[in-house]
Amino acid sequence: MTLLLPRNALSIAELDDLDHDGVVRFVRGLEEAGHRMVWIPEVAGREAFTTAALVLQSTERLIVGNGVARALERVPKSAASAARDLAGGYPGRYVLGLGVSGAVRERGVGPLPFLRGYLDGVDKTLGDARVPRVLGAYSEGITRLAAERADGLLTFLVTPEHTRWARETIGPDLFLSVVQWAVVGRSRAAARDVARERLAYYLTLPHQLAKLTRLGFTDADLTPPGSNRLLDALVAHGTPDQVRESLRQQYDAGATQVAVSLVGPLDDAKLDAYRALAEEEN
């Protein structure tokens, strides 16, 4: 299956901090502003598939992807059954995203063989049902697995150099979405301060540290709260036009889609930024 998805998307981490009604208001506002697709990360407070269902039922046209659902959180049958129902209930509006971290090694198996076996279980449950899917990956093994067993690849917190490598690894045709952090309407120094608060969590995760080390960042860069060099490489900032200009670097490196993740509190300024970015798309 060739994934035909919008060139521009969002990755909305805000849902972890919103209650049911807050989620409904937020995603309806994004759709009304003109956004066409959102990826929903599974990080802290929300379960992947029930949240995807909530967003789908709360909107009319918005395409929703799990970006990504943690394979360790549920058995393959549960993930596949939920994905099949969402894809069937909302044709053309749902994408299954799956990923696994190095924490799987505590079970005595590496991420690559685990995810390969997991996809076997998903396929067994799906049978003839067709659900578009992407894998979240940074390592060479799982990146190549995405080319073999999925319709696309989703990456997060990466530089254009990584995007170029990923495109070379998966070939010219596979869908590749890159989640790009951005801070709109602030100076470079202010953007760094906002992003550092969110980055702190990721600088505690071994698989994220390993990925960033492979990208050339040093221990000095990765020591919390993160160096200016690290922040400047990972976070776009400025006016909506300046952010869009930064995104072009990811497209030029081979991204099919760039999903903007706005960093910082969900206040009026951030809502204005979401609306401004939608105006850029339309």
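**Salt bridges**

1. Arg 188 and Asp 232 form a salt bridge, with 3.5 Å between the closest N and O atoms. Arg 188 belongs to helix H7 (residues 188-202) and Asp 232 to helix H10 (residues 228-234), so the contact ties together parts 44 residues apart in sequence. Arg 188 has a relative accessible area of 41% and is partly exposed. Asp 232, at 31% relative accessibility, is also partly exposed. Note that the model is a predicted one.

2. A salt bridge also joins Lys 270 to Glu 14, where the closest N and O atoms are 2.7 Å apart. Lys 270 sits in helix H12 (residues 268-281), while Glu 14 is in the loop between strand S1 (8-11) and helix H1 (20-33); the pair therefore ties together parts that are 256 residues apart in sequence. Lys 270 and Glu 14 are both buried.

3. Glu 42 and Arg 74 meet through their side chains in a salt bridge of 2.7 Å, N to O. The loop between strand S2 (37-40) and helix H2 (48-58) holds Glu 42, and the loop between strand S4 (69-70) and helix H3 (76-89) holds Arg 74, so this pair ties together parts 32 residues apart in sequence. Glu 42 counts as buried because its relative accessibility is 9%, under the 20% cut-off. Arg 74 is buried as well, at 13%.

4. Which residues are linked in a network of salt bridges? They are Asp 120, Asp 123, Arg 133 and Arg 149.

5. For the overall count, the structure holds 15 salt bridges.

Methods: Residues numbered from 1 in each chain as written. Predicted model: local features only at pLDDT ≥ 70, side-chain atom pairs only at ≥ 80, totals over all residues. Heavy atoms only, no water. Salt bridge = Lys/Arg side-chain N within 4 Å of Asp/Glu carboxyl O. Helix = DSSP H or I, 4+ residues; strand = E, 2+ residues; numbered from the N terminus. Buried < 20%, exposed > 50% of the residue type's maximum accessible area, 1.4 Å probe, protein only.
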